[in-house]
Amino acid sequence: MAGTLLIGNPNTSWREWLKEHRGNRDLICLDPSDPVHGTPTRFSVFKKSRPVFVRFYGSLDPSRFPHVLLATLAQALQIAEPDALVQLFPYRATPLLRHTLMLVAQVMQPDQILIAEGTEIDQSGFPIGPESVELEKAFLPMVQDAQRKAQWLKLVEDCDDHDIDLATLSIEGTRLGSGVRLNEEEKKKVGLEDALHVEKIGGSLFIVSEDDPEDRAVAHAQDMTGTHRANFVSPHLFEGLLCSFARQSGEDFGMGLIDRIDWLNRRASILCTAVAPAPVRILRLGSLRIDTAGRELGEVRPWQV
């Protein structure tokens with residue numbers, strides 16, 4: 001694969017540069033915070049102005065799920081033409097983003113790398129020598145917030161109501177669904193009958209509860225289940241969480257947000273752009289929460305839910 005890798009920073013924008021230099025080349029957008037190329041928190045491949053491939057990411061933070069970014073790049077490179085442009089996330093000088101950037105370059109093997117002037121980055125170690133390019137300044141944060149809010153409002157407007165049976169699908173991007181669920185009888189046996197959801201994930205318990213159980217009850221539950229750690233989460237943190245519907249093949253076909261979850265019956269009420277009833281086989285959860293008024297409610301901590 002050849003193509004051009006575009007590396008900017010939070011103070012710059014590729015918007016005008018792309019208008020002038022892109023031409024008819026395909027564009028792979030790996031910037032989850034970009035509100036220009038459709039709904040944020042997704043990665044896309046564009047042929048002209050049409051998205052031909054979309055992968056849900058679920059966060060504005062490029063360091064949140066780097067494995068998803070790299071997997072998406074591998075898929076996108078099979079779809080895009082060899083001279084494609086790859087617009088990366090705004091680079092910040094952190095070890096994880098540095099290593100992610102280098103892996104992107106190694107996977108892509110570009111024939112050109114362009115770095116925005118003012119980007120704080122060690123330019124050694126790339127497959128080829130980067131070139132410096134002057135870009136326009138990014139919009140002020142309040143303008144970017146307004147752009148994203150407009151995209152969120154459009155997303156909500158395009159959504160249908162979906163009633164999803166969580167017992168019939170796979171869940172990705174979260175602790176939820178990663179282990180073995182305790183049924184009502186098993187919860188009572190270990191002393192966590194008041195919890196809404198209890199799941200054994202390896203050596204830890206994942207507990208969804210309105211209130212944290214007493215330490216004595218948790219210690220008893222750990223003894224009974226052979227675990228040594230417990231993670232607690234409020235059910236309210238799932239409300240407004242961005243999500244995506246995917247087919248068994250992994251192809252995303254609808255994006256939206258969780259309205260509420262009926263933990264007893266294991267059903268979720270979800271607003272999603274897919275047409276109801278949707279043949280969802282994989283439910284992907286992100287970390288960013290929004291409300292139906294388009295306001296961003298912040299991101300949950302890594303693997304909190």
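Helix α4 gives the largest share of the lining of the largest pocket, five residues. This is a predicted model in which local features need pLDDT of at least 70 and side-chain atom pairs count only at pLDDT 80 or more, while totals for chains, interfaces and linings use all residues. Residues are numbered from 1 along each chain as its sequence is written, and side-chain values use heavy atoms, without hydrogens and water.

Let's stay with that pocket. Its space comes to about 560 Å³, a volume being the space filled by probe spheres set on grid points joined across faces, edges and corners. A pocket here is an open set of points on a 1 Å grid over the protein atoms alone, where a 1.4 Å probe fits, with protein on both sides within 12 Å along at least five of seven lines; lining residues have an atom within 4 Å of a point. Of the 29 lining residues, T12, D31, S33, P90 and Q144 lie nearest the centre. At least two lining residues come from each of β2 (12–13), α1 (15–21), β6 (85–88) and α4 (141–157). Helices (H or I, at least four residues) and strands (E, at least two) are DSSP runs, numbered from the N terminus.

Two single residues are worth a look too.

Leaving out residues up to four places away in sequence, T100 touches P66, L69, L70 and F89, where contact means heavy atoms within 4.5 Å. With that exclusion, E131 touches Q112, I113, L114 and I115.
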